[in-house]
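Biologist: Let's go through this one feature by feature. Please put it on screen, and I'll ask as we go.

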Amino acid sequence: MQNVRRVVIAGGGTAGWMAAAALSKTLGKVIDLTLVESDEIATVGVGEATIPTMITFHNLLELSEPEFMAATQATFKLGISFENWRDVNQDYIHSFGTTGTDHWSAGFQHFWRKGVAHGLASDYGDYCRELKASLLDRFAHLPDNGMNYAYHLDAGLYARYLRKFSEPLGCKRIEGKIVQVNTNPANGYISSLTMADGSQIEGDLFIDCSGFRGLLIGQTLGVEYEDWSQWLLCDSALAVQTASTSALPPLTRAIAHGSGWQWRIPLQHRVGNGLVYSSKHMDDETAHQTLMGNLAGEPLMNPRPIRFTPGQRVQTWRKNCVAIGLSSGFLEPIESTSIHMIQRSLIRLLQVFPANGPLCQSDIDEFNTQAATEVHHIRDFIIAHYKITNRRDTQFWRDCAALEVPPSLRHRIDLFRESGKVFKAAHELFAENSWIQVMLGQGILPERYHPIADRMGEQELAYFLNNIKSSVSTLANQLPSHAEYIQRYCRAQPL
Ligand SMILES: Cc1cc2nc3c(=O)[nH]c(=O)nc-3n(C[C@H](O)[C@H](O)[C@H](O)COP(=O)(O)OP(=O)(O)OC[C@H]3O[C@@H](n4cnc5c(N)ncnc54)[C@H](O)[C@@H]3O)c2cc1C
């Protein structure tokens with residue numbers, strides 16, 4: 001084992017180029033960085049909705065936001081509109097940002113719940129600035145990070161943009177197909193990649209960004225894949241791009257159908273669409289018809305099929321190989337979490353990067369423990385969207401309602417249903433407000449509220465709730481339209 005100096009990234013999709021950008025920016029002067037990608041092997045070509053943590057990643061890279069947005073035809077995203085999820089024709093929004101004002105001992109939901117019991121409260125979303133703005137198709141940056149947002153972006157353009165960023169910082173790009181991954185017989189570590197032209201690329205640390213193939217982590221090192229399809233029934237997707245329509249909502253739309261759901265992601269130059277479905281409940285032909293029959297604009301291509309197994313590698317770092325992106329596992333895109341997990345893996349890798357020495361097993365173990373904890377929480381959050389529903393209209397939804405969920409999720413659901421309480425765990429991505437919006441939105445109204453809410457009399461509570469609601473509404477109505485804001489702030493050139 002030698003010092004980590006030569007780092008090789010295998011794959012140039014979103015994961016590969018995000019890795020290249022993060023490593024070249026932070027360690028470009030002290031490591032030799034090479035990225036290998038093949039023009040023959042396409043990237044997955046989807047992954048266009050993000051969550052607010054992407055802003056942190058871009059701050060690390062010191063990117064200019066308007067420049068990045070113009071280069072990737074990006075728009076702003078204030079949340080996800082869940083349509084037909086609680087039941088057919090019943091919608092809600094999971095928005096970024098906070099709802100109402102919390103008391104230290106009890107969250108806003110307890111005051112709101114008392115308000116509901118006394119006929120004083122309206123929709124939970126009426127107390128959230130981002131949610132109201134999204135319903136009005138409005139957006140603006142506000143002082144003190146007063147507007148929480150993420151982006152919709154063109155994944156292909158994003159990889160290209162990060163390539164332009166990384167190469168001048170020292171990342172060497174090699175185009176070609178990896179035909180063999182060679183290991184050191186003494187310790188099983190990866191020693192080099194053999195390319196189709198016979199050349200060898202040697203390295204000390206390899207980052208597997210080869211997508212679903214898992215060329216290094218799975219095919220070479222044999223790290224097993226934990227299959228979570230007993231909880232997540234969807235295993236297929238069809239993706240298609242359509243021409244822009246006049247609407248530019250700052251929202252991802254997630255529209256539930258009989259055996260899955262459809263996404264609609266508005267970009268400046270086009271709309272990304274797709275259907276995620278369970279192949280056991282819907283055949284591919286019906287999926288095709290469902291997607292094509294529910295498009296808002298002209299299709300720009302034939303739909304592309306994608307098969308996947310929901311789950312995660314039992315270790316995402318083994319020996320001298322770290323899997324980042326689809327090679328490490330995949331959870332369906334309902335909450336746009338995959339790009340976030342890429343950036344979390346990169347930050348974690350940077351935090352435990354070996355200091356002037358060889359790899360330490362304790363660093364690898366820490367990395368794997370943190371990664372597993374994080375993904376288990378995200379998995380539970382995603383399962384909650386399917387488990388908590390009043391839909392029983394198809395076999396798919398009946399099977400979802402009957403799921404035996406992991407005990408960690410069972411506890412959360414019971415805690416919220418019985419007392420309205422929600423607690424964020426350590427290393428958990430989704431905070432209290434996300435869980436509350438989704439559990440309420442999917443159909444749980446807590447049976448009780450915290451007694452602290454009874455310290456407010458009815459009059460005081462009505463004043464408290466109305467005050468928040470009217471300031472949210474006034475602010476949202478003063479914002480410019482999302483489309484206007486994009487024009488002024490980050491307008492992209494036509495492609
Ligand atoms: C249906 C669907 C919808 C999604 N939606 C979202 C979303 O809205 N938000 C989100 O955050 N994420 C989403 N994701 C996940 C997101 O697409 C991925 O996390 C992201 O694109 C990263 O992919 P990747 O770089 O790991 O793999 P890929 O894009 O597949 O890239 C693999 C790379 O490896 C290279 N490669 C492979 N084999 C070889 C070889 N032998 N030699 C040389 N090079 C090789 C390829 O050329 C390519 O460059 C979605 C995924 C799916 C399936």
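Modeller: Start where domain 1 meets domain 3: five residue pairs there are in polar contact, both residues at pLDDT 80 or more. That term takes N or O atoms within 3.5 Å, one able to donate a hydrogen and the other to accept it within protein, with residues adjacent in sequence counting only if both atoms are side-chain atoms. This is a predicted model: local features need pLDDT of at least 70, side-chain atom pairs need 80 or more, and totals for chains, interfaces and linings use all residues. Numbering runs from 1 along each chain as its sequence is written, and side-chain values use heavy atoms, without hydrogens or water.

Biologist: Which salt bridges does the rule find across the interface of domain 1 and domain 3?

Modeller: Side chains of opposite charge can pair when their charged atoms come close. The rule wants a Lys or Arg side-chain nitrogen within 4 Å of an Asp or Glu carboxyl oxygen, and two salt bridges cross this interface. Elsewhere in the list, Arg 270 pairs with Glu 48 at 2.9 Å, N to O.

Biologist: How much area do domain 1 and domain 3 bury between them?

Modeller: About 880 Å², with 61% of it on carbon and sulfur atoms; that is accessible area (1.4 Å probe) lost on putting the two parts together, summed over both. Val 46, Glu 48 and Asp 154 supply 47% of what domain 1 buries against domain 3, more than any other three residues.

Biologist: How many salt bridges does the structure hold?

Modeller: It has 22. One of them joins Glu 40 and Lys 177 at 3.9 Å, N to O. Glu 40 sits in the loop between strand S2 (32–37) and helix H2 (53–61), and Lys 177 in the loop between strand S7 (172–175) and strand S8 (178–183), so the pair ties together parts 137 residues apart in sequence. Helices (H or I, at least four residues) and strands (E, at least two) are DSSP runs numbered from the N terminus.
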